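Subject: Structure handover and findings

Dear colleague,

I am passing on the structure below, followed by notes on what was found in it. Please read the notes with the structure open beside them.

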Amino acid sequence: MIVYNTLTRRKEELVTVHPGEVRMYSCGPTVYSRAHMGNMRAYIFMDTLRRVIKFNGYKLLGVMNITDVGHLTSDADDGDDKMEKAAKKTGKSPWEIAEHFTKLFFEDTDKLNIERPEIVAKATDHIADMLEFVEALVEKGYGYETSDGIYFDISKFPSYGKLSGNTRLSDNIAGARVDVNDEKRNPADFALWKKAPKEHIMQWDSPWGRSYPGWHIECSTMSRKYLGDTFDIHTGGVDHIPIHHENEIAQSEALLGHPAVHYWMHVEFMQVDGRKMSKSLGNTYTLDELEEKGYSPMDFRYFCLNTHYRKKLNFTFEGMDGAKTAYSRLLALVGACKHAESGTTDPEIIRQFDKAFLDAVSDDLNIPLGLGELWTLLKNPPSRDIYDAAMRADKVLALSIDKCDEKKDDDVPADIRDIAERRFAARKAKNWAESDALRAELAEKGWSVADSKDGYSLKKN
């Protein structure tokens, strides 16, 4: 299995700390608001990676955090705690808000067939562990106290910036994004622990008075607690690279004296109509909102899987229409195979598909290529053997294609679908005469066809 390592900026063979087992940590949600589709792309990536790991025969121990304290409104330790801010806005306690949005988060991930990691760890359940971690860093000389908290001295960690490639302290993004704090030794020093004002709702006892943890310390603490001093993979979004994950590396390696993570993997941003996705622009959508517009969770998952995780994904409703049509066609073709006879497809075709699919998804999660291999397989005459092969592939894709019989809006007879598929192939080949003839044949049988950019839809007259 090959993965792209952000730290080394190249693809590498996955060699695990414990033979036959992968230990993986994934940055989870900050549960102060509803997750949107850009967030969900990151968790589809996490889920796909988990599935490919298991598809390759590894045991898997995965951990995902739930941030319910400590994540400030700026990733660079500036502003209010996001949970505290949401509490003041809604009049609910931070714990009520966390419980509500955690529940909604898992409802959405369940709809998207995103498996829950083996361990889901809430930050507020690990305050004592985090405090112990920070105290150890202070004892080693990496942490120092100011009037508002305990900060990590990045000048004591010479390789700071190695993940992002930004090794000059004066250029560090975290320092550039906040006003200069005269008490900091360096502008880019980050908070390990924050002293809480009296009115702050979430606070705990510590050697420095009533206070609460910084955001970055929770991931270092919980990954070490559950995965050990050294583990295999750490995942997150590309937005985590310059600050959050850079800080994780610094504090973990400072404490341990060696790298904690071997492979760092990051998913790219989702854009909307070529622009940055943000709530201020009003271009974020939740899964519920997509469903209200007529798209199923599997339509969205299919949409995400068609673009490699390391490429930006541009969301458009035209693209979603294409994904919806393609997914409907996929179910129809798989459904035809489900009810066909077995033993009618050359075993060599099945063997070649199984190998090609495994090779594709094992090469840094090339899921688009794996999907292409499945579409190629489905060009063969329907057979139960093809259906069984598709089910094996769906262990990775998780598109619920075994539920092909349940697609109520696609009750198209196999002979009609066959004509439509041949017409679609003719259109792709720009054989307009054959395309028109097949359209006429569909009309004679009582069906009309409407073309879109990425496919077609059928309607019984």
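Helices (H or I, at least four residues) and strands (E, at least two) are taken as DSSP runs and numbered from the N terminus. By that rule A443 belongs to helix α15, which covers residues 432-444. This is a predicted model, in which local features need pLDDT of at least 70 and side-chain atom pairs count only at pLDDT 80 or more, while totals for chains, interfaces and linings use all residues. Residues are numbered from 1 along each chain as its sequence is written, and side-chain values use heavy atoms, with hydrogens and water left out.

For accessibility, buried means under 20% relative accessible area, exposed means over 50%, and partly exposed lies in between (1.4 Å probe, protein chains only). A443 counts as partly exposed because its relative accessibility is 45%. The C-alpha atom of A443 is separated by 9.2 Å from that of K460, with the two residues 17 apart along the chain.

N247, in helix α7 (residues 241-256), is buried, with a relative accessible area of 1%. With contact taken as heavy atoms within 4.5 Å, N247 touches Y160, F190 and H216, not counting residues up to four places away in sequence. The side chains of N247 and Y160 also make a polar contact at 2.4 Å; such a contact is a pair of N or O atoms within 3.5 Å, where within protein one must be able to donate a hydrogen and the other to accept it, and residues adjacent in sequence count only if both atoms are side-chain atoms.

A nonpolar core is a set of buried Ala, Val, Leu, Ile, Met, Phe, Trp, Tyr and Cys residues joined through side-chain atoms within 4.5 Å. The largest such core has 128 residues, and the members that touch the most others are F152, F300 and L330. Beyond its neighbours within four places in sequence, F152 has contacts that include L137, Y144, F190 and A254. A second, separate core of 11 residues includes V412, A420, L438 and V449.

Cavities and pockets were found on a 1 Å grid over the protein atoms alone: a cavity is a set of points where a 1.4 Å probe fits but cannot get out, a pocket is an open set with protein on both sides within 12 Å along at least five of seven lines, and lining residues have an atom within 4 Å of a point. Grid points are joined across faces, edges and corners, and a volume is the space filled by probe spheres set on the points.

The second largest pocket holds about 970 Å³ of space. It is lined by 40 residues, of which R329, L333, W375, E421 and F424 are the closest to its centre. Helix α10 gives the most to this lining, with 11 residues.

There are four cavities of 30 Å³ or more. Helix α1 gives the most to the lining of the largest cavity, with four residues.

The second largest cavity has about 90 Å³ of space, and among its 13 lining residues I249, S252, A260, V261 and W264 are the closest to the centre. The largest share of that lining, four residues, comes from α7.

Best regards
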